[in-house]
Amino acid sequence: YVDKYVEQSQALGLADIFEVPHSAIHMGQMLGEGAFGQVHEATAINLRRMRGTTLVAVKQLKANPSADEVDEFLSEIEMLKGVGTHNNVVCFLGCCTIRAPYLMIMEYVGRGNLLNYLRTARQQLGQSKTRDANHTTRRIIKTNSSVASSLSASKPQSVNYIELKASSPSTELEQSSVSISSSSNSNDLCARQAKPSFAETTYTIVEEEEEPFEYILDHKELHNFALQIANGMRFLEEQEITHRDLAARNVLIDGNKTLKISDFGLSRRGLIYTNTKTRKLPLRWLSIEAIRDNVYSSKSDIWAYGVVLWEIGTLGASPYPTISNSELIPFLMAGNRLERPEICTPQVYTIMLQCWLEEAKERPTFDALCKVLSPKTTYVD
Ligand code: ACK
């Protein structure tokens, strides 16, 4: 098949080993939509090192993109080609970049994002058993009574990204000067329900989803989530890749509860200083220096990781619900931080506070966090 693939690729003038002909991709249902375009379930035939048909996720750049959008999409792909594979990072499998529609082909991660997982589990907390759309049993184990009470206070929020004009000083961010966009699914508190339907294709997809998928949320699970994300981020840190949009909504979960860091749309190598383009930014996950000076590094990813720990500890609350965009920088500069989630141990809250140190170089590395988050750390009381 390799010969056939190479032949096919050469015929199309595809020198790059990641380049895939459009004919090898059969699009299925849409999974979601972002500013860049759409993500679909799809099948791909004879991907690099993958004989036969593989279930994949395909990110498709929207129709009539601006030159900047094409640039960004292609640079994301270029960066992903060099990332290598890690169990906690969504694997890049191939791309179509010779002609539009431009596609990015990724490993399919079938259980949606971590934020939805946490919120669904939170919603179902208290019910001892429920059945999901696949007729597999989900068992909800209530970890302790403070979990439920700490959650009632947190309400989901739809605004995760704001548009920051490069010319306006970020400290003067005004709610009115900010155009609001919501992440495609931030209000959707339900986990993905149905298995993919491929009515329009003739392929048979065999999935391993019949096994039960449990919403557990005990100490072990939350701790394990924190560690898996730190592991994936350490892998990126080693390669000097700055993710820039680490948040629970951008961490995907599969049927085995393996977490995969995704959405590299804003990622770049090395220290990044951005001042050129108007772009939407995940304000509430950004470090002080990222908001104030447009400087991003692994240390600003560490800040975002602290917010992800907080999202895990609150089972999917929205950060700073009472603070407006324009108030955030003064709030942080005055030394204020997100409060300790009720269920988190002081030990875990100390880690969060270290991630939010004003001085970037004093924050821990992901490597150090992986060590600190040894099995001995207690996540919740
Ligand atoms: O949160 P979701 O269910 O998971 O909805 C969003 C949507 O596409 C838009 O980003 C989903 N998504 C993104 N990448 C993947 C992937 N590799 N596998 C499965 N779903 C994905 C994401």
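The structure is a predicted model, in which local features need pLDDT of at least 70 and side-chain atom pairs count only at pLDDT 80 or more, while totals for chains, interfaces and linings use all residues. Residues are numbered from 1 along each chain as its sequence is written.

The protein chain contains 10 helices and 16 strands; these are DSSP runs numbered from the N terminus, with helices being H or I of at least four residues and strands E of at least two. Of its 381 residues, 40% count as buried, meaning that 20 or more other C-beta atoms, placed from the backbone, lie within 10 Å of a residue's own. Among the contacts with a separation of 6 or more, 71% link residues 24 or more positions apart, a contact being a pair of C-beta atoms, placed from the backbone, within 7 Å.

Strand 1 and strand 2 (residues 37–47) run antiparallel and are joined by 7 bridges, and Met27 has Ala42 in strand 2 as its bridge partner.

Turning to the ligand, 17 residues surround it, and the closest are Gly32, Val39, Ala57, Gly112 and Asn113; a residue is near the molecule if its C-beta atom, placed from the backbone, lies within 6 Å of it. Strand 1 (25–34) and strand 5 (103–107) each supply at least two residues of this shell, and strand 1 gives the most, with 3 residues. By class, the shell holds 8 nonpolar, 7 polar and 2 charged residues. Here Ala, Val, Leu, Ile, Met, Phe, Trp, Tyr, Cys and Pro count as nonpolar, Asp, Glu, Lys and Arg as charged, and the others, Gly among them, as polar.

Lys59 lies in strand 3 (residues 50–61) and counts as buried because it has 25 C-beta neighbours inside 10 Å. Not counting residues up to four places away in sequence, Lys59 touches Gly37, Val39, Met104 and Met106.

Helix 3 (residues 114–124) is mostly covered, with 9 of its 11 residues buried. Among them are Leu114, Tyr117, Arg119 and Arg122.

Terms used. Buried ≥ 20, exposed ≤ 12 C-beta atoms within 10 Å, placed from the backbone. Contact = placed C-beta atoms within 7 Å. Pairing = 2+ DSSP bridges.
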